[in-house]
Amino acid sequence: MILSKEELIRYSRQLVIPGIGPEGQHKLKAARVAVIGAGGLGTLALGYLAGAGVGEIGVFDFGPLELSNLHRQLIYRTGDIGELKTELAKQRLLEINPEIRVNTHEGILTAENAINKACLALAKTYVYGAVYRFEGQLTVFEPRNGPCLGCICPDTEALENQACAEAGVMGPAAGAVASMQALEVLKLILGLETLKGKFAMLDFRLANFSVIELKKREDCPVCGGRARLDRKFIASVSVNLITPEELKARLDSASAPRVLDLRYEWERGLCHIKGDAWVDFNELIKGGAGLGPDEELVLYCKGQSKSAAAFKALRDKGYSKVSVLKGGIDAWAEKIEKGMTRY
Ligand SMILES: [Zn+2]
């Protein structure tokens, strides 16, 4: 593999770093990296990986670009709204660096529930990053010979539920974590020391960063010696879900359940499901907000995180007929009420 004159110039600022040189650049060019999610973390990590000359990049995401993505997903433009994120990302990455190959994969694959297990099965290294409001997390998992995501967070469903849509996220916090993820990927390819076995916790409010050691857990539900208990474990943390189609059919029937909106009042002002009622989330999880434990309730929020948290709190209090609208009002707007305001 020979680097062209143009490539030598393009990568010159990293080629001069001791320990990289043309040999390191060859490693980058020969590398293949999959990026799960072309969102707040993915887009910026993708930009850096493309810029650095990673030879083949896979982009996994689904659905169109939305207005609310733009405050942090900086490779997209306002004029791109409504177009598929995977295709937009491919176009932008090739504009950044036409020397690389970009493959797109349109479809739902969640980092938390699928990637950890897939990486274990395929012996792939997983560079994990997460961001929540002003905070970030970062680590590198090599699940066959070190801890996996399940070792540090057995309740991967709860992790998955921390969607940006509901928890909120500061754009630059996502950018910082994404940049660090890209760095870890490049260091892995170059054979340099990484965060493997360590977990970085970043609190950007006071620039408070700490790194702790991670240990493999013998009782990890994914990689531990008793991983066969996985199914039972999953059942114990799962929530009862009702799909938008099922809820619509129930609302049209004689035995309609009570539908409760757990979002903020300003969100309710934008859109809500006809015939529902608003309930204060904190009151609901603390004391049931005056609802009877035998009442049939369907909880919804923007995605599913608040509802899932409320479901678990109510189940612990003995409420037996509660379910969560799968995909929240986003899925309702997509599948049932297509004219509804999206945000
Ligand atoms: Zn594990």
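Two strands pair if DSSP finds at least two bridges between them, and strands themselves are DSSP runs of E, at least two residues long, while helices are runs of H or I, at least four residues long, both numbered from the N terminus. With that in hand, here are my notes.

1. Some ground rules. This is a predicted model, where local features need pLDDT of at least 70, side-chain atom pairs count only at pLDDT 80 or more, and totals for chains, interfaces and linings use all residues. Residues are numbered from 1 along each chain as its sequence is written.

2. Start with strand S11, residues 297-300. Arg-258 has Leu-297 as its bridge partner in S11. Strand S9 (residues 258-261) runs parallel to S11, and four bridges join them. Strand S12 (residues 322-325) is also parallel to S11, this time with three bridges; here Leu-299 is partnered by Val-324 of S12. To get from S11 to S12, the chain passes through helix H15 (residues 305-316), making a right-handed β-α-β crossover (right-handed: with the strands pointing away from the viewer, the path from the first strand over the helix to the second runs clockwise).

3. Are the faces of S11 covered or open? Both are covered: Leu-297 and Leu-299 on one side, and Val-298 and Tyr-300 on the other, are all buried. Buried means that 20 or more other C-beta atoms, placed from the backbone, lie within 10 Å of the residue's own.

4. Now the open sheet. Three strands line up as S1-S2-S3 with parallel pairing. Strand S1 (32-36) and strand S3 (101-106) are the edges, each pairing on one side only. On average, neighbouring strands here are turned by 20 degrees against each other, direction ignored. S1 and strand S2 (residues 56-61) share five bridges, and Val-33 has Ile-57 of S2 as its partner.

5. Helix H5 (residues 85-96) lies across S2 and S3, at about 170 degrees to S3. Angles like these run from 0 to 180 degrees between N-to-C directions, with axes fitted to C-alpha atoms, for helices over the stretch in contact; contact means C-beta atoms, placed from the backbone, within 7 Å.

6. Have a look at helix H4 (residues 42-52) too. Nine of its eleven residues are buried, so H4 is largely enclosed by the rest of the structure. Among the buried ones are Gly-42, Leu-44, Leu-46 and Leu-49. What do the buried residues of H4 pack against? Their neighbours are helix H2 (12-15), helix H3 (21-30), S1, S2, H5 and helix H10 (171-190). Just past the end of H4, Gly-53 takes a positive phi of about 90 degrees.

Key
A residue is buried if 20 or more other C-beta atoms lie within 10 Å of its own, exposed if 12 or fewer, and partly exposed in between; C-beta atoms are placed from the backbone. Two residues are in contact if their C-beta atoms, placed from the backbone, lie within 7 Å.
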